[in-house]
Amino acid sequence: MTGAGVGTVVAVVLAAVWAWAAVAKAVRHAETVEAFASLELPAPHALAIAVPAVELATAAALLARPAVGAAVSLVLLAALTTVVVRALYRGIETGCGCFGSRRSDRVDSADVVRNGVLAALAVLATAAPRLVAPSAVDVVVAALVVVAGGAVLGVAQRRSSAGRARRVRA
């Protein structure tokens, strides 16, 4: 097992996540503008163009220079998490537009957990200065890390949903 091998696999996974998020926002542009406006972000129309462009550039960087793309991912995740935390603090009741506004639920702590999981993957991706051919062990280790991250996110989403259901019944 090599750090660069695991980092390579994780960098490719992150590149796919960033590309998916960018394309989803671009395809659902009007919903993205609406979500950004509801989050009280400045210049939501401009951001609805800029954010997917930055996400696509980040995906490309992860494939061209994984360690650099991973560092950019961490900065981008910090900014996006700040938006989510700010919305939670202000009690803003809208979706985050994180993946093209496909989800209408309001932002919640599960969004912060998701970004934390993605940040953990980005940290692993910093071990790959360039893409390398991963060994079978590298692929298995990376897959286990991704599955563990998905499990953590799933628990956070279930708890968040249960909390919303309790608040609705109260």
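Which residues of helix α2 (residues 29-38) are buried? The views below are taken from a predicted model, in which local features need pLDDT of at least 70, side-chain atom pairs count only at pLDDT 80 or more, and totals for chains, interfaces and linings use all residues. Residues are numbered from 1 along each chain as its sequence is written, and side-chain values use heavy atoms, with hydrogens and water left out.

View 1. T32, V33, A35 and F36 are buried (under 20% relative accessible area, 1.4 Å probe, protein chains only). They fall within an arc of 165° seen down the axis of α2, so they line one face of the helix. A30 and E34, on the other side of α2, are exposed (over 50%). Helices are DSSP runs of H or I with at least four residues, numbered from the N terminus.

View 2. Just after α2, E40 has a positive phi of about 60°.

**View 3. Axes of α4 and α5.** The axes of α4 (residues 66-90) and α5 (residues 109-125) come within 9 Å and cross at roughly 165°. The two helices are therefore roughly antiparallel (angles over 145 degrees, on a scale from 0 to 180 between N-to-C directions).

**View 4. Contact between α4 and α5.** Residues of α4 in contact (heavy atoms within 4.5 Å) with α5 include L74, L77 and L80; on the α5 side, V112, L118 and V123 are among them. By class, this contact has 15 nonpolar, four polar and one charged residues.

Note on methods
Parallel < 35°, antiparallel > 145°, perpendicular 65-115°, else oblique. Nonpolar A, V, L, I, M, F, W, Y, C, P; charged D, E, K, R; others polar. Arc of directions from axis to C-beta.
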